[in-house]
Amino acid sequence: MKWRWLILFLLTFFSLEAEPGEALTVPPLREGRLRSDGVREYTVTASEGELEFFSGIPVPTMGYDGDYLGPTLHLRQGERVSIHVQNSLRETTTVHWHGAYLPAEADGGPRQPIGPGETWIAEFTVNQPAASLWYHPHRMGTTAEQVYRGLAGMMIVTDPSGPAGLPDEYGIDDIPLVLQERRFSRDGGFRYEPRMPDIIHGYGGNVLLTNGGIEPVFRAQTRLLRLRLLNGSNSTILRLSLPEGPEFIQIASDGGLLSRPVPLKTLVLSPGERAEVILDLREQQGRNTVLQAESSFGAVYTALLVNPGDELRNNGELPSRLASLPAAEIPRAAGRRSFVMSTMGPGGSLTINGRRMDMDRVDERVAAMSTEVWEVSTAGMMMNTPHNFHVHGLQFRIIDINGDPPPPELSGFKDTVLLWPGDRVRLLMEFGEYPGIYMYHCHLLEHEDAGMMGQYEVLD
């Protein structure tokens, strides 16, 4: 299989000229409009566009308020928000607020479709710790293609009661990075045309886009640099490293800050996962730092070139303690459920607990404000296929992975967890107060669209 991607990779770059070295595009930050009633209002529009990833070759795309990707929405802890989503596409879409704690009717999953020309309004109170979240389509059967063509953006939740000393100047020392592997053809375009092997193993690629650019450069001005990393790929698992630079210092996972900074040599993110890391550039002045990404399909990319200036501004010291996280302890009365993610045969049947997604069926029912243990495992004939498990409407804690406690970088709040073939993961699920129907599914988007998804209902 790797030979297939190697040949595709070579064909592309013997026939196309990329223009690496351009400045990193940082998505615009949307602060929202504070209304007289105290509600902060945002508007985003999904539309079709066109972008040249390779010089002189326009590619049809989709984006929010632009040709590709979308603005970063700044949400504040405790505020009431109203997000107006306008659909200027020629097809139905939805917008899911991935990682957000909110009522089911505001979740933006397949139960909240937005037809062409329609506007949908999501209203909720921001009631979760500071975190890096994101938003993307979630329509049944077309999620993968709409995300692939560019519909995605980040959301940043901030909390003034958080620790001091973390970089927070957006675009200066606090940078979102949306990493997406895409499959470009020899004519310089990328199309979404999956075949059966792509459904089973995922739709890999031969080019890595970082905020829509190829091998972009960020010129650092400060000693500490905060990167908010999102794996926005359809199915590619990314292993990130700094081959000749400092260690990563991870400070946050999907759902917010860790208890303390965690130094790492490598960082693995499956589709939908986020991590916040700090780069300490004090020893890198005048020397470039390469953020390298190794794809699960075999390619190795330069995701970002950080170019520190000769004089870097001192922008604080990293605190030794970040957040007070409760212990992931199992209450005596906690309910227990099992979820088996199965890939059966080359013809492809992608199921959870033997069932494919059915919008008319609720698979699990849980009590509001209850705590449960969900055990997730993989099975099936195609045991070389990894999965991950994403749950809407909450953040969970990992109790153990194959019987062992999670490593420090996975000890915080999560909404998406990677399962390599044969893995068994136990999750501590604390359900909130909002009644309604939410989703759980594999966030390898080809698997999700093929039916590896279920619904759970929170009962009032």
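Is H441 buried or exposed in this predicted model? H441 counts as buried, at 0% relative accessibility. Here buried means under 20% relative accessible area, exposed means over 50%, and partly exposed lies in between (1.4 Å probe, protein chains only).

Residues are numbered from 1 along each chain as its sequence is written, and side-chain values use heavy atoms, with hydrogens and water left out. The model is predicted: local features need pLDDT of at least 70, side-chain atom pairs count only at pLDDT 80 or more, and totals for chains, interfaces and linings use all residues.

The chain contains four helices and 31 strands. These are DSSP runs, numbered from the N terminus; helices are H or I runs of at least four residues, and strands are E runs of at least two. Along the principal axes, the C-alpha atoms fill a box of roughly 60 × 50 × 50 Å.

Of the 460 residues, 58% are buried. The accessible surface of the chain comes to about 17,900 Å². Carbon and sulfur atoms account for 49% of that surface. Areas come from the Shrake-Rupley method with a 1.4 Å probe; for residues, only the protein chains shown count as cover.

The chain carries 40 positive and 58 negative charges, and their mean positions are 3 Å apart. Lys and Arg count as positive and Asp and Glu as negative, while His and the chain ends are not counted. Each charge is placed at NZ of Lys, CZ of Arg, CG of Asp or CD of Glu.

H441 belongs to strand β30, which spans residues 436-441. Its side chain makes a polar contact with the side chain of H392, at 3.1 Å. The side chain of H441 also makes a polar contact with the side chain of E448, at 3.2 Å. A polar contact is a pair of N or O atoms within 3.5 Å; within protein, one must be able to donate a hydrogen and the other to accept it, and residues adjacent in sequence count only if both atoms are side-chain atoms. Leaving aside neighbours within four places in sequence, H441 is in contact with H138, M341, I352, N388, F389, H390, H392, E448, M452 and M453.

Two further strand residues were examined. M155 sits in strand β10 and is buried, with a relative accessible area of 0%. Beyond four places in sequence, M155 is in contact with L73, L75, W97, A131, S132, L133, W134 and Y135. M155 and Y135 are 20 residues apart in sequence, and their C-alpha atoms are 7.1 Å apart. T210 is in strand β12, residues 207-210. T210 is buried as well, with a relative accessible area of 1%. Not counting residues up to four places away in sequence, T210 touches L24, L177, V178, L179, P216 and A303.

P167 lies in the loop between β10 (153-158) and β11 (174-182). At 1% relative accessibility, P167 counts as buried. Its contacts, leaving aside neighbours within four places in sequence, are D173, D174, L224, R226, I278 and N315. P167 and G286 are 119 residues apart in sequence and 21 Å apart in space, C-alpha to C-alpha.

Backbone geometry was examined at two loop asparagines. Most residues other than glycine have a negative phi. N353 has a positive phi, near 55 degrees. N353 is found in the loop between β23 (350-352) and β24 (364-367). Its relative accessible area is 31%, so N353 is partly exposed. N402 also has a positive phi, of about 55 degrees, although it is not a glycine. N402 lies in the loop between β27 (397-401) and β28 (416-419). With a relative accessible area of 43%, N402 is partly exposed.

G403 lies in the loop between β27 and β28. G403 counts as exposed, at 57% relative accessibility. G403 and D449 are 46 residues apart along the chain, and their C-alpha atoms are separated by 31 Å.

Conventions. Contact means heavy atoms within 4.5 Å.
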